[in-house]
Amino acid sequence: MNPFFRFPVLAPASRTIPARSKASARVQVVDVRSFLPCPVISRLESGLEAHCWDQLIANPEFREVQAQPPVIRYRDARGRPAVHHFDFRALLTDGNAIAVAVRPLARVRKYRFEDTLRLIASQLPRSFATRVLLFTDADIPQPEVVPHAPTTRLIERARELGAPMIPAFTHMILA
């Protein structure tokens, strides 16, 4: 048995991802940062969530990123009980937390999701998060502006964490 091998564990999730859907994808990411007791497998619902995950993990201000955090209960604009599932809960190095909602920009505009998110944020327990962040497809760095921006940030973060250098060609095969 290799003493350096650590079996990954499946991260807890507040909801299950539907087996079949026309509007989502099945993405699994593995967080293998050295300070974690073991690698953690998180299940994401879309490519957009995967882009958000890449940017959150690459940011050194975030200590931990939890996909599919527990459900939040709030009262909607009519005063009726409602629930919301945030896509991520990111813990900052200073101890605060940010609740992250991931939506395509077209849906945000069509359903006025920012208004709903402001309402949820006003009722959000401070023990869950102190701020709310909306991530849309407009937040993804465009390849023609910044080539391979998410990948570059991940590589830079990996170097900071002390990961061994992998030749670029091998990296592209593994990715």
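What covers the buried residues of H3? The cover includes strand E5 (72-75), strand E6 (81-84), strand E8 (97-102), helix H2 (105-110) and strand E9 (131-135). Contact here means heavy atoms within 4.5 Å. Helices (H or I, at least four residues) and strands (E, at least two) are DSSP runs, numbered from the N terminus.

Before the views, a word on the model. This is a predicted model, in which local features need pLDDT of at least 70 and side-chain atom pairs count only at pLDDT 80 or more, while totals for chains, interfaces and linings use all residues. Residues are numbered from 1 along each chain as its sequence is written, and side-chain values use heavy atoms, with hydrogens and water left out.

**View 1**
Let us start with helix H3, which spans residues 113-123 and has Phe113, Leu117 and Ile120 as buried residues. These three sit on the same side of H3, because they cover an arc of only 60° around the axis. The arc is that of the directions from the helix axis to the C-beta atoms. Buried means under 20% relative accessible area, exposed over 50%, and partly exposed in between (1.4 Å probe, protein chains only). Arg118 and Ser122, on the other side of H3, are exposed.

**View 1. Ile120 and its neighbours.**
Here we zoom in on Ile120, a residue of helix H3. Its relative accessibility is 0%, so Ile120 counts as buried. Which residues is Ile120 in contact with, leaving aside its neighbours within four places in sequence? They are Ile72, Tyr74, His84 and Phe86. Another residue to look for is Asp76: 44 residues separate Ile120 and Asp76 along the chain, and their C-alpha atoms are separated by 8.0 Å.

**View 2. A salt bridge between Asp76 and Arg80.**
The side chains of Asp76 and Arg80 form a salt bridge, at 3.5 Å from N to O. A salt bridge is a side-chain nitrogen of Lys or Arg within 4 Å of a carboxyl oxygen of Asp or Glu. A search of the whole structure finds four of these. In general, side chains of opposite charge can pair when their charged atoms come close. Asp76 counts as partly exposed, at 21% relative accessibility, and Arg80 is also partly exposed, with a relative accessible area of 43%.

**View 3. A buried salt bridge between two loops.**
Next comes the pair Arg103 and Asp87, whose side chains meet in a salt bridge of 3.1 Å, N to O. Arg103 lies in the loop between E8 and H2, and Asp87 in the loop between E6 and strand E7 (88-92), so the pair ties together parts that are 16 residues apart in sequence. Are these two residues buried or exposed? Both Arg103 and Asp87 are buried.

Asp115 and Arg118 are separated by about one helical turn, because they are three residues apart in helix H3. Asp115 is partly exposed at 34% relative accessibility, while Arg118 is exposed with a relative accessible area of 53%. Salt bridges that share partners join Arg112, Asp115 and Arg118 into one network.

**View 4. Two residues with positive phi.**
Arg112 also has a backbone worth a look: its phi is positive, about 50°, although it is not a glycine. Arg112 is placed in the loop between H2 and H3 and, at 58% relative accessibility, counts as exposed. Gln68, another residue other than glycine, has a positive phi near 55°. Where is Gln68 found? Gln68 is in the loop between strand E4 (62-67) and E5, and it counts as buried at 2% relative accessibility.

**View 5. Leu105 in helix H2.**
Our last stop is Leu105, whose place is in helix H2. Leu105 counts as partly exposed, at 23% relative accessibility. Not counting residues up to four places away in sequence, Leu105 touches Thr136, Asp137 and Ala138. From C-alpha to C-alpha, Leu105 and Thr136 are 5.3 Å apart in space, although 31 residues apart in sequence.
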